[in-house]
Amino acid sequence: MSDYKTIIGSCKDKPGGIIEAYHALQREYNYIPEDAIGVAAQTFGLSPAQAYGVATFYSYFKVGPRGRYIIRICESAPCHVAGAAEVVAALESELGIKMGETTADGKFTLEFAECVGQCQSTPVITINSTPHLGVSAQGIPGILQGCK
Ligand code: FES
């Protein structure tokens, strides 16, 4: 909790402070811990509901636990046509979770993404922002094994 206080407190006097604080939390944890929202509310003089509302209004903020490896699958048209759906099916069956979920061991989260600008080599997934190009369903187990 004291870590949240330090991170949030460092943004107290910045313009748009609560947004800056949420960015800083998400950089640190990969998501915004629910407990941190209460600390942000106190720090910025908002009700918990208001602070929660800010966190959930912006789609780039993720509230609640997420995995150490965030795997995003591009679902824009070129990747879709190139077989993104089979890659999604392979990821879901290898990890035993659905899109939007996190594995019970907290290691992997699956999310969709818009085009990540690598359309020359579709389908594309990113793992913690590192792109993997021309991915196939058969290649998924090997890629996951690379995530230690
Ligand atoms: S459409 Fe998938 S990277 Fe561009």
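In what order do the 4 strands of the open sheet run? They line up as 2-1-3-4, with mixed pairing. Keep in mind that this is a predicted model.

- From one strand to the next, the twist averages 25 degrees.
- Strand 3 (residues 125–127) pairs with strand 4 in the antiparallel sense, over 3 bridges.
- Across that pairing, Ile 125 stands opposite His 132 in strand 4.

- Helix 6 (residues 84–95) lies across strand 1 (69–74), strand 2 and strand 3.
- Helix 6 runs at about 155 degrees to strand 1.

- Arg 66 meets Glu 111 at 2.7 Å, N to O.
- That pair ties together distant parts of the chain, 45 residues apart: Arg 66 is in the loop between helix 4 (48–57) and strand 1, and Glu 111 is in strand 2.
- Both Arg 66 and Glu 111 are buried.
- Arg 72 also bridges to Glu 111, at 3.1 Å, N to O.
- Here the link goes from strand 1 to strand 2, with Arg 72 and Glu 111 39 residues apart.
- Arg 72 has 26% relative accessibility, so it counts as partly exposed, while Glu 111 is buried at 11%.

**The other salt bridge**
- Glu 92 and Lys 98 meet at 3.9 Å, N to O.
- Glu 92 counts as buried at 17% relative accessibility, whereas Lys 98 is exposed at 51%.

Conventions: Residues are numbered from 1 along each chain as its sequence is written. This is a predicted model: local features need pLDDT of at least 70, side-chain atom pairs count only at pLDDT 80 or more; totals for chains, interfaces and linings use all residues. Side-chain values use heavy atoms; hydrogens and water are left out. Two strands pair if DSSP finds at least two bridges between them. Helices (H or I, at least four residues) and strands (E, at least two) are DSSP runs, numbered from the N terminus. Axes are lines fitted to C-alpha atoms, for helices over the stretch in contact, and angles run from 0 to 180 degrees between N-to-C directions. Contact means heavy atoms within 4.5 Å. A salt bridge is a side-chain nitrogen of Lys or Arg within 4 Å of a carboxyl oxygen of Asp or Glu. Buried means under 20% relative accessible area, exposed over 50%, partly exposed in between (1.4 Å probe, protein chains only).
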